[in-house]
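The sequence and structure are shown below.

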Amino acid sequence: MRSHRGWAECSKEAFNTGLDALARALKNWSDSRKGARKGRAVGFPRFKSRRRSTPTVRFTTGVMRIEADRRHVVLPRLGALRLHESARKLARRLEAGTARIMSATVRREGGRWFVSFTCEVERAVRAPARPGSMVGVDLGVKHLAVLSTGERVANPRHLVVAARRMRRLARAVSRCVTPDRRVRRVGSNRWARAQQELSRAHARVVGLRRDGLHQFTTRLTREHGTVVVEDLNVAGMLRNRRLARHVADASFAEVRRQLTYKSEWNGGRLVTAGRWCPSSKTCSGCGAVKTKLTLAERTYTCTACGLSLDRDLNAALNLAALAREVTDDRSGRESLNGRGADQKTRSRGQVAVKRLPGTARAGQAGTVPPQGGTTAQRSLLSTRR
Ligand SMILES: [Zn+2]
């Protein structure tokens, strides 16, 4: 048992972080019960063991800054910490006065320490490289995405590549003296080392995937004025593909999330096609709708006009066409019904409004609407310890 640390040694934020999380969990629970919260029902907060959770602490007060060398951050109690990456991007913003640090979160993940800053950022008003351009994006498993421009974005399948190595590491972990609280056995040092190597391997896969997704969504929103994606849980997700789709599901949601805020950052627009929109079943040439199209059919062949093209490209083209309809229909309601859609679809508030210069209030210009409720930009920097 390690010795207990005194109050004086710890930052008060260490305790506050836990209390704050508890307060928010309780609020979510009570809001959920009252029906004031969207989404799935939230349960009563459970005990959080320090053995199973990611160690994290959020600093909300005190001195938080980046040193002039841009290689060190200063945090309350912890003092100066050397960074693995340069913090120049954030430092430039801080110097120019376009960003203000609200809080800093320190977290240990995959054997590394990370510090992320929540900032209030004044963003410059930007416009996409081709404001009039519309691109349909068909997300998939075989390819990460097929665009209506005909481009296929490869799915790098990092997990599959790393699977062999991970299996080997996992075997090594299980062969060690593992901890077992029932018989009061602590894990061996070899176990701790093996465990760390395995979690590093997992963290690497996460990092690679995140990097790829960010590059993809940034490129898309910087270039095109309008990006069209399908809603999640699209009708095309069939039972027999459940597993494969399930794995990719998380990424689909992440792509959508990133496109939503990045299209606003870049002055573009994101349009979401309703989940009953038959983007796969519709012919992009003549608009005829097939009643049946199995996932095994990789090529779309139209029985009406004889058009034959890649299934995903066909879907992407339909999505792009949809955006054109929405735009032409601007004066009236924003109908997101695909041609021949027989189900009512609604705009789900995904259309990011282009912000014109001078329309934002002072101090709020071009800031980012949040996932959580405050204006925030997160910057991730890792420190080597
Ligand atoms: Zn056709």
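Is Asn-314 buried or exposed? Asn-314 is buried, because its relative accessible area is 0%, under the 20% limit for that class. The model is predicted.

**Asn-314 and its surroundings**

- Helix α6, spanning residues 311–328, contains Asn-314.
- Beyond the neighbours within four places in sequence, Asn-314 is in contact with Ser-279, Ser-280, Thr-282, Cys-283, Ser-284, Tyr-300 and Leu-309.
- With one of these residues, Ser-284, the side chain of Asn-314 makes a polar contact of 2.8 Å.
- Ser-148 lies 166 residues from Asn-314 along the chain, and the two C-alpha atoms are separated by 7.7 Å.

**Zinc site**

- Four cysteines are the protein donors of the zinc ion: Cys-283, Cys-286, Cys-302 and Cys-305, each through SG, at 2.2 to 2.3 Å.
- Cys-283, one of these donors, is also among the contacts of Asn-314.
- The arrangement is tetrahedral because the 4 donor atoms subtend angles of 106 to 111° around the zinc ion.
- Along the chain, the donors follow the spacing C-x2-C-x15-C-x2-C.

- Cys-286 is partly exposed, with a relative accessible area of 40%.
- Cys-302 counts as buried, because its relative accessibility is 4%.

Note on methods:
Residues numbered from 1 in each chain as written. Predicted model: local features only at pLDDT ≥ 70, side-chain atom pairs only at ≥ 80, totals over all residues. Heavy atoms only, no water. Helix = DSSP H or I, 4+ residues; strand = E, 2+ residues; numbered from the N terminus. Buried < 20%, exposed > 50% of the residue type's maximum accessible area, 1.4 Å probe, protein only. Contact = heavy atoms within 4.5 Å. Polar contact = N/O pair within 3.5 Å; in protein donor to acceptor, adjacent residues only side chain to side chain. Donors = N, O, S within 2.8 Å, 3.2 Å for Na, K, Ca; no water. Tetrahedral: all angles 85-135°; square planar, octahedral: opposite > 155°, others 65-115°.
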